[in-house]
Amino acid sequence: MSSEEPHANGSLKPDEQSDPCVMVIFGASGDLTKRKLIPSLYNLAKSHLLSRQFAVIGIARSEMSHEQFREKITSDMKEFATGDIDDDLWDWVQRRLYYMPGGFSDDATYQNLKTLLDQVGKEHGAHNNYFYYLATAPDYFGEIVKRLGAAGLATEDENTGWRRVIIEKPFGHDLESARALNVELKQVLHEKQIYRIDHYLGKETVQNILVFRFGNGIFEPIWNRRYIDHVQITAAESVGVESRGGYYETSGALRDMVPNHLFQLVTLTAMEPPISFEADAVRDEQSKILHAIQPMSDEEVLRRTIRGQYGDGTAKGERVPGYRQEASVNPNSGVETFVALKILIDNWRWADVPFYLRTGKRLPKRVTEVAIQFKRAPFVLFRDTGVEKLTPNRLVIHIQPDEGISMRFGAKVPGPIVKLGEVDMDFNYEDYFGKTTSTGYERLLYDCMAGDATLFQRADMVEAGWSVVNPILDIWKALPPRSFPNYAAGTWGPKEADELMERDGRRWRKSEADFSG
């Protein structure tokens with residue numbers, strides 16, 4: 001097998017493979033690199049989507065040679081690969097891994113990087129295209145971009161290839177800091193060079209929301225306030241904060257999940273049809289939804305937002321500690337690990353249709369889903385039958401852990417008497433298309449290399465999301481400390497979250513039966 005042939009069983013397809021380029025990972029010794037980024041690159045190569053003219057440069061503080069870095073990543077792949085490893089293919093990938101030690105605030109790091117990029121780019125024919133993945137603490141985002149600019153490593157002109165920067169969350173910790181970071185980045189980069197990543201959007205089912213809505217003539221006509229009663233979006237985790245206690249103490253569930261992950265699901269569910277699937281056409285419609293979310297007054301924040309923190313309890317039959325007993329957590333912490341809120345979207349399609357959002361740690365089950373609850377059909381036809389009530393139809397888009405779509409509707413139970421039963425129609429991606437070996441980052445990395453920013457947040461979207469969240473943060477900060485913990489590990493959050501729905505005559509989908517489809 002030649003050094004330029006990525007797979008023994010075939011060659012890359014020229015019309016599908018990514019652009020030739022060098023990927024630079026700042027923070028290459030961290031978990032993200034070994035768990036997600038390198039396995040994703042391997043999967044892209046396995047799918048014949050990674051260019052032959054490709055290489056990776058990792059940067060971190062640890063002292064390592066290129067060979068030591070390759071050995072470390074090879075060992076990590078044995079643990080974190082999402083499928084079987086083809087030895088020949090992995091040999092091709094690992095020979096394109098390079099490493100240089102350096103501090104992110106050290107000018108010498110960027111001069112050394114410039115030299116190594118020239119060397120690696122020429123060796124692998126990478127056409128002078130570079131993208132930088134900032135897998136670092138948020139404090140370094142602006143610093144790294146500024147120093148890339150000073151070293152001439154972020155400039156695009158007629159004499160260079162393209163330059164792009166992928167920035168991990170959190171993008172700011174409130175509206176003011178997000179705006180400041182946007183200003184700092186744009187002193188060096190154009191907006192089209194900035195890729196603000198949200199790994200939720202790498203999941204097949206999330207991407208399929210647009211196809212499901214706009215590629216099927218039967219759903220879009222009923223996707224509005226005339227037929228839909230409400231929408232529930234859940235992102236539940238069964239684990240606690242694990243090793244992220246230090247980060248969580250500065251973030252909390254609201255900042256960690258709502259302005260990015262949950263609001264992305266809201267926009268894809270609620271947006272108007274874009275004029276095309278071009279990046280800005282899609283993001284224009286998403287941005288309109290974020291700007292249409294009804295601002296909350298102080299009183300509405302108190303009525304429509306719920307926060308909680310888990311105490312000790314039982315998970316998978318074992319006793320687990322409360323949040324305050326986790327590593328790197330203040331024993332008197334007032335940080336929330338659960339959030340529920342009700343939002344309203346002020347536009348023609350969604351007027352008076354509530355969107356209920358919830359997310360939390362140490363809940364009974366790991367599940368992310370979008371549930372569309374339709375209005376009940378009129379009962380008048382069944383008034384003289386044995387039918388006591390009509391169950392509303394429900395469409396559920398399952399995002400994780402099992403990706404798929406399910407639909408619940410009523411049907412007559414066989415027999416001489418009119419009785420209705422509930423019927424579930426389930427579509428599971430794995431059953432229909434087969435099992436895929438994916439980390440969720442493959443599509444996002446591939447799109448960055450192709451220059452497609454559709455699944456990445458734009459500056460105005462980030463700021464619009466924070467504009468909704470900021471009033472909640474301000475009121476919570478002004479209130480007396482909550483009595484935490486207020487829900488046991490292994491339960492569905494505080495009772496106030498149930499009351500939020502019950503006041504509207506609704507309830508959360510939370511039982512095991514509910515989540516079975």
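Select Ile-167, Glu-168, Lys-169, Pro-170, Phe-171, Arg-196, Ile-197, Pro-259, Asn-260, Gln-457, Val-462 and Trp-466: these residues line the largest cavity. The model is predicted. The volume of this cavity is about 120 Å³. Now color the lining by class. Seven residues are nonpolar, two are polar and three are charged. Show helix H8 (245-270) and helix H13 (459-478) as cartoon; each supplies at least two residues of this lining.

How many cavities of 30 Å³ or more does the structure hold? There are four. Select Ile-38, Leu-41, Leu-50, Phe-54, Val-56, Trp-92, Val-93, Arg-96 and Leu-97 to see its lining. Helix H1 (31-46), strand S2 (54-60) and helix H3 (87-94) are the elements that give two or more residues to it. By class, this lining has eight nonpolar residues, no polar ones and one charged.

Move to helix H5, residues 141-150. Is this helix mostly covered or mostly open? Mostly covered: seven of its ten residues are buried. Pick them out as Phe-141, Gly-142, Glu-143, Ile-144, Val-145, Arg-147 and Leu-148. Step just past the end of H5 to Gly-152, where phi is positive, about 75 degrees.

Now the aromatic rings. The count comes to 16 aromatic pairs. Select Phe-104 and Tyr-140, an edge-to-face pair with 5.2 Å centre to centre and 80 degrees between the planes. Phe-104 is in the loop between strand S3 (97-101) and H4, and Tyr-140 is in the loop between S4 and H5, so the pair ties together parts 36 residues apart in sequence. Check the exposure of each partner. Phe-104 has 5% relative accessibility and counts as buried. Tyr-140, at 23%, counts as partly exposed.

Two stops remain, each with a charge over a ring. Select Arg-70 and Tyr-98: the charged end of Arg-70 sits over the Tyr-98 ring, 5.0 Å from its centre. Finish at Arg-164 and Trp-162. Here Arg-164 lies over the face of Trp-162, 3.8 Å from the ring centre.

Terms used:
Residues are numbered from 1 along each chain as its sequence is written. This is a predicted model: local features need pLDDT of at least 70, side-chain atom pairs count only at pLDDT 80 or more; totals for chains, interfaces and linings use all residues. Side-chain values use heavy atoms; hydrogens and water are left out. Buried means under 20% relative accessible area, exposed over 50%, partly exposed in between (1.4 Å probe, protein chains only). Helices (H or I, at least four residues) and strands (E, at least two) are DSSP runs, numbered from the N terminus. On a 1 Å grid over the protein atoms alone, a cavity is a set of points where a 1.4 Å probe fits but cannot get out, and a pocket is an open set with protein on both sides within 12 Å along at least five of seven lines; lining residues have an atom within 4 Å of a point. Grid points are joined across faces, edges and corners, and a volume is the space filled by probe spheres set on the points. Ala, Val, Leu, Ile, Met, Phe, Trp, Tyr, Cys and Pro count as nonpolar, Asp, Glu, Lys and Arg as charged, and the others, Gly among them, as polar. Rings of Phe, Tyr and Trp (its six-membered ring) pair if their centres lie within 6.5 Å; planes under 30 degrees apart count as stacked, over 60 as edge-to-face and the rest as tilted. A charge sits over a ring if NZ of Lys or CZ of Arg is within 6 Å of the ring centre and within 35 degrees of the ring normal.
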